[in-house]
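Here is a briefing on one protein model. Please look over the sequence and structure before reading on.

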Amino acid sequence: MPPSSHHLPDTCMNLTVLTPKKRMNSTNLNSKALNFFNPDLQSTAPHSHRPIITITYAQSLDGFISLRSSQTILSSAESNNLTHALRATHDFILVGGKTVANDDPLLNTRNFKFPDSDDLPPSPRPVILDTGLKIPVNSKILTRQPIIFCGVDAVSDPQTLELRSIPDITVISVAVNDSTKQLDIMEILRILRDRFDCKRLMVEGGARIIRSFLKSRLADFLIVTVSPRFLYGGVHITWDGEGDGEEFEPGEVKKVKYEHFGVDIVMLKQFT
């Protein structure tokens, strides 16, 4: 006789089942988000040559961060609150031009308040890496005084004049690596620290930029939200679809911890 659908096989009796907790009120959720990462962030000593860097992203259970053809929202409301708390404790936030073009984000702190305040905290200043200055001129992020880093050729291209003429944006050209065709990250970090006094930088995407930071061992914190959903394909955070992959650790691990935010599991990994 087949087992009842309500009966677990003996091999499953010791499994721990994670179920979403009752939704917390906003004050408690804000406190929980801060307590998860802020003591470690605040106690991290500054670097002399670059900002403190937090890399963060959400992924599906099978390791994808989005579908290729459309914007994909993976985070629950609770883990999204954590993302906004992270933004509130960093003074700059970095994304790529493709993320701006595909998602049209604001990258603000609208879903978070510090527990002792009724006001929204300041949002981090956006930093956009856009080699060819191809982001749409009607992007919402351009209303937030972004700093846009591009390749040297882009600032003399007549087709980028409209974007470069938008008020309150700062366009800075840097060298492009001949082999990777990517902007010089170390030069960008030096400019952010020395010219703009950037102390804490949050890197939020996309996949190519996150891979570049990890490969360059430029992470102090890695915070990954794992959604219980499957995407069965799309954009993978570390694998570009070629080769067999490799075992790689982007730094010496100091601490790893986990927390349940809604239906998601969030991992914090701190490097020395």
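Predicted model: local features only at pLDDT ≥ 70, side-chain atom pairs only at ≥ 80, totals over all residues.

Residues are numbered from 1 along each chain as its sequence is written, and side-chain values use heavy atoms, with hydrogens and water left out.

**Salt bridges**

- A salt bridge here is a side-chain nitrogen of Lys or Arg within 4 Å of a carboxyl oxygen of Asp or Glu.
- Helices (H or I, at least four residues) and strands (E, at least two) are DSSP runs, numbered from the N terminus.
- Asp40 is buried because its relative accessible area is 8%; the terms are buried for under 20%, exposed for over 50% and partly exposed in between (1.4 Å probe, protein chains only).
- Lys257 has 24% relative accessibility, so Lys257 counts as partly exposed.
- Another salt bridge pairs Lys199 with Asp197, at 2.7 Å between the closest N and O atoms.
- Both ends are partly exposed: Lys199 has a relative accessible area of 45%, and Asp197 has 47%.
- Through shared partners, salt bridges join Asp40, Lys255 and Lys257 into one network.

**Helix α5**

- Helix α5 spans residues 185-196 and contains both Glu187 and Arg190, three residues apart, about one turn of the helix.
- The side chains of Glu187 and Arg190 form a salt bridge, 2.8 Å from N to O.
- Glu187 is partly exposed at 28% relative accessibility, and Arg190 is partly exposed at 38%.
- α5 has 12 residues and reaches 15 Å from its first C-alpha to its last, close to the 16 Å expected at 1.5 Å a residue.
- That expected span is 1.5 Å times one less than the number of residues.
- Which residues of α5 are buried? They are Ile185, Ile188, Leu189, Ile191, Leu192 and Phe196.
- These residues lie on the same side of α5 because they cover an arc of only 160° around the axis.
- The arc is taken from the directions from the helix axis to the C-beta atoms.
- Asp194 and Arg195 are exposed on the other side of α5.

**Cysteines**

- How many disulfides does the structure hold? The count is zero, with a disulfide taken as a pair of cysteine sulfur atoms within 2.5 Å.
- Cys150 is buried at 0% relative accessibility.
- Cys198 is likewise buried, at 0%.

- Val224 belongs to strand β8.
- Val224 has 7% relative accessibility, so Val224 counts as buried.
- Val224 and Met267 are 43 residues apart in sequence, yet their C-alpha atoms are 5.2 Å apart in space.
- Phe230 lies in the loop between β8 (221-226) and β9 (235-236).
- Phe230 is partly exposed, at 44% relative accessibility.

**Surface patch**

- Leu61, Phe230 and Tyr232 make a nonpolar surface patch of about 390 Å².
- Patches are made of residues with over 30% relative accessible area and no salt bridge; like charges are joined within 9 Å, and nonpolar side chains (Val, Leu, Ile, Met, Phe, Trp, Tyr) within 5 Å.
- Accessible areas come from the Shrake-Rupley method with a 1.4 Å probe; for residues, only the protein chains shown count as cover.
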